[in-house]
Amino acid sequence: MALSQRAADGESKQEAILALGWSALPASYRIPDVAPSLQEARAWCKHLAETHYENFHVASWFLPEALRPHFHTIYAYCRVSDDLGDEVGNSEQSLALLDQWGRELDACYEGRARHPVFVALAETIRACSIPKEPFADLLTAFRQDQTITRYATMDDVLGYCRYSANPVGRLVLYTCGYSDQERFRLSDATCSALQLANFWQDVRVDFAKDRVYLPQDDMLRFGVIDATIQQGIATPEFRALLKYEVDHTRDLFLEGLPLIHMVDRDLAVDLDLFSRGGLEILNAIEREDYDVLRARPAISKRTKLSLALRAVSGKFLPFLRLGSGSRGKAA
């Protein structure tokens, strides 16, 4: 009897933790009692994608119309998963929500989808033959964010990217009909580079969340400590460290560029655009002399439009695509 009571108490506590977690998020995120229709679920995902991600409209211009519902759905999965980890403000609640979301992912693959995301995702999975691994890997990254705030080496940071960024590129490739290891390898390089570029852009933003993605051994070698970031002063040592990380990240972008020439021209435009955007973040950091502590380096709307125009030009003139003799300095 005592064991049964303890189990019931534990279950009640878990339900309370979940309830608190869901209450910190938009009400529309909650798992409904009755599953929506596929049409309703796709409309839900489309609305989320087009109202939460400023670049989605730009990217979707270049996608074949038939694939757009699948990309809306994949984005919605990534968005909600990320918010479960980052927007709740309580690690215990976030971990409980992510575990529940993982069980919903399992149910989706078993034909028991309830949430709009998973009702729509079930059709995307069927149509594009997508395995569970990349979806589950993203949840691993979001769980890791709740417990790990420092990384000893660059290998450890890239190990995090393997779960946080690389699955997104693989999902895009699966959706567009590609599933070979060489394209995955090149996609992983690009996605990891994009993640690193965002890390270097957001050093101070992440520090405010008690997260430091600069490798600890590199910080030690260049003489940079947490207090340097906290004080917001880009010392010569900090600038040297950022230059080192930016140079490494640029090489990683270059490693992934051949993928642009190994996919159909619609996807090539997207890959070209995101690579140009990532490289431009690195250029913006460089223009600020690697001082990302005073202000967050950003890309202007005019520059974004210019990058998009160059990427579109490559759709019709392949020799203008990144990787055609480019060294990746100028995005």
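On a 1 Å grid over the protein atoms alone, a pocket is an open set of points with protein on both sides within 12 Å along at least five of seven lines, a cavity is a set where a 1.4 Å probe fits but cannot get out, and lining residues have an atom within 4 Å of a point. The model examined here is predicted, with local features needing pLDDT of at least 70 and side-chain atom pairs pLDDT 80 or more, while totals for chains, interfaces and linings use all residues. Residues are numbered from 1 along each chain as its sequence is written, and side-chain values use heavy atoms, leaving out hydrogens and water.

The second largest pocket holds about 170 Å³ of space, a volume being the space filled by probe spheres set on grid points that are joined across faces, edges and corners. Its lining consists of Gly85, Asp86, Gly89, Asn90, Ser91, Ser94, Asp145, Gln146, Thr147, Thr149, Lys209 and Arg211. Helices H4 (68-86), H5 (91-109) and H7 (133-147) each supply at least two of the lining residues, and H7 gives the largest share, three residues; helices are DSSP runs (H or I, at least four residues) numbered from the N terminus. By class, this lining has eight polar, four charged and no nonpolar residues, where Ala, Val, Leu, Ile, Met, Phe, Trp, Tyr, Cys and Pro count as nonpolar, Asp, Glu, Lys and Arg as charged, and the others, Gly among them, as polar.

One cavity of 30 Å³ or more is present. The largest cavity has a volume of about 30 Å³ and is lined by Phe199, Val203, Asp206, Arg211, Val212, Tyr213 and Leu214. Five of these lining residues are nonpolar and two are charged, with no polar ones.

Turning to helix packing, H8 (residues 154-164) meets H10 (residues 181-201) at an angle of about 115 degrees, with axes 9 Å apart; axes are lines fitted to C-alpha atoms over the stretch in contact, and angles run from 0 to 180 degrees between N-to-C directions. The two helices H8 and H10 are therefore roughly perpendicular (65 to 115 degrees; under 35 is roughly parallel, over 145 roughly antiparallel and the rest oblique). In contact (heavy atoms within 4.5 Å) are Met154, Val157, Leu158, Tyr160, Cys161 and Ser164 of H8 and Ser192, Gln195, Leu196, Phe199 and Trp200 of H10. This contact comprises eight nonpolar, three polar and no charged residues.

H10 also packs against H14 (residues 236-256), at about 155 degrees with axes 8 Å apart, and H10 and H14 are therefore roughly antiparallel.
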